[in-house]
Amino acid sequence: MDKKSRFTKVIKENEGLLFKVAILYTHSIQDREDLYQEVVYQLWKSFDTFNEQSKLSTWMYRVAMNTAIYNLKISKRLVNTIPIDLETERFAEVVDKTEEEKIKILNEHIQTLNLLEKGIILLYLEGKNHQEIASIIGITTSNVGTKISRIKEKLKSKIIKKQ
Amino acid sequence: MKSNWDEMSKRIEKQEILNNHLIEKMTHQKYKSKLEKIGNSEYIGSLTCYLAATYLIINFTKIEEFIFQLLCIITILLLFTLPIISLKSLRGMKNISIHTAKYSETIKTFMHRKMKFYKLQRINMILAFLLLIILLPVLASIYGKDINSITNFWTIIVPVFIAFFASFSFITWRYYSKILKNLEKELRDL
């Protein structure tokens with residue numbers, strides 16, 4: 001399998017991961033599309049340097065989340081990107097308004113967290129264990145636990161306050 | 001919280017947003033990375049400054065009085081300095097390693113550089129104010145006009161102009177300071 005085919009396979013298998021990062025770090029559909037493509041582009045650029053020994057998802061999260069931080073400073077759309085359909089509404093295949101509303105509220109509150117908290121909670125929700133989170137984020141494993149508890153409390157109080 | 005997230009993940013996994021063709025297009029040379037393109041406005045601004053400086057250099061001999069010649073030199077120096085400050089701060093923002101850095105390192109670098117950027121922006125703002133004040137008599141001198149003969153120039157036009165720019169600068173300064181304070185707080189939390 002050549003490089004391009006391998007890369008395409010990896011991206012297709014992990015497109016959900018990229019989409020979720022794009023949702024959490026942007027506020028509009030346009031920005032989401034731009035970030036999504038930027039991440040794919042950055043992954044492609046570093047695909048050669050990807051060390052097979054390290055976990056694929058660790059590498060992907062790292063590149064995607066770092067790219068998302070980079071992307072924050074750009075407020076205007078400066079390049080022509082390829083139109084892709086990243087509207088969250090399209091995922092509401094089964095129309096369950098209550099579920100939909102809960103997801104929306106959760107996303108809204110995660111958006112208000114600072115960058116570090118956002119990164120940690122994303123990985124936690126994605127089912128990563130403390131060690132993996134520590135390795136991607138670059139903090140100690142014990143610190144991960146403390147931070148997760150604090151973020152959960154923070155989100156809980158925010159959600160209760162809104163209700 | 002986790003069940004809501006899992007619900008969203010399930011829906012996302014079910015969909016196929018990308019096809020081979022789209023992925024290939026994204027990796028193609030035609031798609032220029034946004035990160036490599038940032039700063040177009042800064043480059044245009046710099047070019048404008050250098051063109052203005054060239055204009056002043058060409059017309060320098062038309063200025064007769066020493067004081068206006070001195071102001072013209074200061075203006076030229078400012079026109080050269082402003083773009084350097086702007087481009088320097090921009091370059092600083094672009095040099096972060098996306099592929100190898102750990103997330104917390106990227107945040108730290110990003111925050112530090114952002115702080116530097118805003119500090120430089122504040123300096124830029126003061127220099128731009130200075131530039132606007134001294135550019136007027138310099139241009140009047142090049143065109144052979146006596147600014148003293150303009151009605152209400154010193155009594156109304158200049159004070160209104162200064163008052164307007166001073167309040168604008170004050171608001172902008174406070175805005176930048178607030179951003180810097182928040183950034184410092186976030187850095188402390190890391």
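What pattern does chain B follow, read along the sequence? Chain B runs α-α-α-α-α-α-α. Its secondary structure comes to seven helices and zero strands. Helices (H or I, at least four residues) and strands (E, at least two) are DSSP runs, numbered from the N terminus. The model is predicted: local features need pLDDT of at least 70, side-chain atom pairs count only at pLDDT 80 or more, and totals for chains, interfaces and linings use all residues. Residues are numbered from 1 along each chain as its sequence is written, while chains are lettered from A and ligands numbered from 1 in the order in which they are written.

Chain A has eight helices and zero strands. Along its sequence the pattern reads α-α-α-α-α-α-α-α. Of the 163 residues in chain A, 36% are buried. A residue is buried if 20 or more other C-beta atoms lie within 10 Å of its own, exposed if 12 or fewer, and partly exposed in between, with C-beta atoms placed from the backbone. In chain B, buried residues make up 13% of 190.

Contacts were then examined by separation. Two residues are in contact if their C-beta atoms, placed from the backbone, lie within 7 Å. In chain A, 65% of the contacts between residues at least 6 apart in sequence join residues at least 24 apart. In chain B, residues 24 or more positions apart account for 81% of the contacts with a separation of 6 or more.

The largest nonpolar core holds 49 residues. Such a core is a set of buried Ala, Val, Leu, Ile, Met, Phe, Trp, Tyr and Cys residues joined through C-beta atoms within 7 Å. Leu18(A), Val21(A), Val39(A), Val40(A) and Ala64(A) touch the most other members. Helix H4 (residues 56-72) of chain A gives this core its largest share, nine residues. At least three residues come from each of domain 1 (1-91) and domain 2 (94-163) of chain A. Neighbours within four places in sequence aside, Ala64(A) is in contact with Leu18(A), Val21(A) and Val39(A). In soluble globular proteins, nonpolar side chains tend to be buried together.

Chain A is divided into domain 1 (1-91) and domain 2 (94-163). These bounds come from an automatic or database domain assignment. The contact between them takes nine residues from domain 1 of chain A and 11 residues from domain 2 of chain A. On the domain 1 side, helix H2 (15-24) and H4 of chain A each supply at least two residues. H4(A) gives the most to that side, with five residues.

Helix H6 (residues 115-125) of chain A is mostly covered, with nine of its 11 residues buried. Among them are Leu115(A), Lys118(A), Ile121(A) and Tyr124(A). Gly127(A) follows H6(A) and has a positive phi, near 85 degrees.

In chain B, the buried residues of helix H2 (residues 20-27) are Ile23(B), Met26(B) and Thr27(B). They lie on the same side of H2(B), because they cover an arc of only 95 degrees around the axis. That arc is the one spanned by the directions from the helix axis to the C-beta atoms. The cover over the buried residues of H2(B) includes helix H1 (3-13) and helix H3 (29-46) of chain A.

Phe66(B) is found in helix H5 (residues 66-94) of chain B. Phe66(B) is exposed, because 8 other C-beta atoms lie within 10 Å.
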